[in-house]
Amino acid sequence: MFDARFYRRYYVDPRTRVASREDAVRLGRFVCGYAAYLGFAVRRVLDAGCGLGHFRGPVRQAFPKARYVGLETSDYLCRRFGWLNESVSDYAPKEAFDLVFCHDVLQYLDDRSAVRALSNLGRLSRGALYFSVLTAEDWRRNADRARTDSGVRLRPAAWYQARLRRHFRHLGGGFLVRRGFDPLLWELERPWV
């Protein structure tokens with residue numbers, strides 16, 4: 001499924017891609033900038049489901065001494081870019097990461113694997129997590145259905161939120177921090193309820 005044709009359609013071809021490389025780079029800069037603003041010392045970064053590796057550039061720019069690990073299940077991309085061929089559900093490194101990206105990955109996993117992945121994200125991240133996923137609500141209200149892959153599992157946002165809350169606190173913009181880390185946030189910087 002995750003072969004050259006898949007990535008050409010959804011990530012490369014300007015006529016059919018869901019987002020551009022520039023979109024991903026802007027997002028990566030935001031995440032890295034927010035992590036730096038909050039005072040995270042970022043030495044190890046995991047990009048779980050890294051795809052074409054668009055976050056690697058912003059990570060290197062923001063944290064030039066950090067080690068970037070690209071995790072991917074696509075045999076095609078692992079051969080092409082040298083990513084680590086593992087699933088976020090099962091990956092068990094010896095050391096956790098200061099910053100973890102998990103961008104639009106879990107909608108491709110069945111429920112059991114997605115639950116394992118969410119739990120594993122709690123072990124993989126010792127600091128910050130950027131997390132996004134296509135939800136059932138996004139499919140109804142936000143997704144460009146002509147460009148977005150429909151061969152996914154659509155779950156309600158609350159399904160993910162309940163599991164992420166066990167390990168993380170949401171600060172807005174898809175940026176989460178480990179429970180116990182209490183950054184100084186001014187009142188209007190905090191997520192509004």
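A residue is called buried if its relative accessible area is under 20%, exposed if this value is over 50%, and partly exposed in between, as judged with a 1.4 Å probe and protein chains only. The structure is a predicted model, in which local features need pLDDT of at least 70 and side-chain atom pairs count only at pLDDT 80 or more, whereas totals for chains, interfaces and linings use all residues. Residues are numbered from 1 along each chain as its sequence is written, and side-chain values use heavy atoms, with hydrogens and water left out.

Buried residues account for 48% of the 193 residues in the chain. For 193 residues, a compact globule would have a radius of gyration near 16 Å, and the chain agrees with this, since its own value is 16 Å; the radius is taken over C-alpha atoms, and the globule rule is 2.2 Å times the number of residues to the power 0.38. The C-alpha trace spans about 45 × 35 × 30 Å along its principal axes.

The secondary structure consists of seven helices and seven strands, which are DSSP runs numbered from the N terminus (helices H or I, at least four residues; strands E, at least two). Strands are said to pair if DSSP finds at least two bridges between them. Strand β7 (residues 175-178) is antiparallel to strand β5 (residues 125-132), to which three bridges join it, and Tyr130 stands opposite Phe175 of β7. Strand β7 also pairs with β6 (residues 168-172), in the antiparallel sense and over four bridges, with His170 opposite Leu176. Two residues lie between the strands in the hairpin of β6 and β7, where Gly173 takes a positive phi near 65 degrees.

Aromatic rings of Phe, Tyr and Trp (its six-membered ring) were taken to pair if their centres lie within 6.5 Å, with planes under 30 degrees apart counted as stacked, over 60 as edge-to-face and the rest as tilted. By this rule there are 19 aromatic pairs. The pair of Tyr91 and Phe97 is tilted, because the ring centres are 6.4 Å apart and the planes stand at 35 degrees; Tyr91 and Phe97 are both buried. One aromatic cluster is formed by Phe2, Phe6, Tyr7, Tyr10, Tyr11, Tyr76 and Tyr108.

Charges also sit over rings, a description that applies if NZ of Lys or CZ of Arg is within 6 Å of the ring centre and within 35 degrees of the ring normal. The charged end of Arg44 sits over the ring of Phe97, 4.1 Å from its centre, while Arg155 lies over the face of Trp159, at 4.8 Å from the ring centre.
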